[in-house]
Amino acid sequence: MSDIHQDVRSLILNIINKRTDEIEAKGEASNNDDLLGILLESNLKEIQEHGNKKFGMSIDEFMEECKLFYFAGQKTTSSLLVWSMILLSKQSDWQARDRKEVLRVFDNNIPDNDKLNQLKVVTMIIQEVLRLYPPSFFMSRELNKGITLGNLSIPSGVQLLLPTILMHHDQEIWGEDAKEFNPERFSEGVKKETKGKFAYFPFGDLEIALHKTLQC
């Protein structure tokens, strides 16, 4: 584990140093269309505005952000795509509906945000994949101060856990087919399907989820 940690650190540090050298040589990031480029450019502007490196991020903070981009961002996205492919390969009817909608909306044109918002079937499929196989099975937070959730008074130091996958597979909320792939359940939106309960949160806010869950 120690060797892997050092290898990852070395790889990320090399990437950051290469981008930093480019910025120092040209005065701006040559590739600021990705998260690292935007972060480095923003950090440089903040340091220049205050005239002090203390106002910028440290190298360790940069490295932690890069690890977050890769391990959290890429892992969750790749997980969604893989499960989508697996489920669609087993559901030829939904695969056909998905393909038909994409061809109708985009034809041979390059996708853009406006057209992406018109993909109702694709959205239903993605929502159902995230319900069945959420990127995170549970969320947790350790309280640094006491809070009140509903009728519960919770002291500082308590760790709160919310089992996402159990909520997503609860038959009382989703029906007897809760463990089956059925994107149609989202045809009228998440709020309609969950009857207003905060029971769907693949990327949700933990604090809101805990409060709404306890209310339910």
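Is Asp107 buried or exposed? At 51% relative accessibility, Asp107 counts as exposed. Here, buried means under 20% relative accessible area, exposed over 50%, and partly exposed in between (1.4 Å probe, protein chains only).

The legends below describe a predicted model, in which local features need pLDDT of at least 70, side-chain atom pairs count only at pLDDT 80 or more, and totals for chains, interfaces and linings use all residues. Residues are numbered from 1 along each chain as its sequence is written, and side-chain values use heavy atoms, with hydrogens and water left out.

**View A. Asp107 in its loop.** Asp107 sits in the loop between H4 and helix H5 (113–116). Helices (H or I, at least four residues) and strands (E, at least two) are DSSP runs, numbered from the N terminus. Asp107 is not a glycine, yet its phi is positive, about 55 degrees. Most residues other than glycine have a negative phi.

**View B. Helix H2 and its cover.** H2 covers residues 35–50. Its end C-alpha atoms are 23 Å apart. That agrees with the 22 Å that its 16 residues should span at 1.5 Å a residue; the expected span is 1.5 Å times one less than the number of residues. Leu36, Gly37, Leu39, Leu40, Glu41 and Asn43 of H2 are buried. Their cover includes helix H1 (2–26) and helix H3 (59–90). Just after H2, Gly51 takes a positive phi of about 65 degrees.

**View C. A nonpolar patch on the surface.** Phe137, Phe138 and Leu161 form the patch. Together they have about 340 Å² of accessible area, by the Shrake-Rupley method with a 1.4 Å probe, where for residues only the protein chains shown count as cover. Patches take residues with over 30% relative accessible area and no salt bridge; like charges are joined within 9 Å, nonpolar side chains (Val, Leu, Ile, Met, Phe, Trp, Tyr) within 5 Å. A salt bridge is a side-chain nitrogen of Lys or Arg within 4 Å of a carboxyl oxygen of Asp or Glu. Phe137 lies in the loop between helix H6 (120–132) and strand S1 (139–142). Phe137 is exposed, at 52% relative accessible area.

**View D. Glu193 in helix H9.** H9 comprises residues 190–193. Glu193 is buried, with a relative accessible area of 17%. Beyond neighbours within four places in sequence, Glu193 is in contact (heavy atoms within 4.5 Å) with Ile173, Trp174 and Arg185.

**View E. Helix H10, with the lowest mean pLDDT among the elements.** H10 (residues 206–215) averages 42; pLDDT is the predictor's confidence in each residue, from 0 to 100. Over residues 205–216 the pLDDT is below 50. Where pLDDT is low, the predicted coordinates should not be read in detail.
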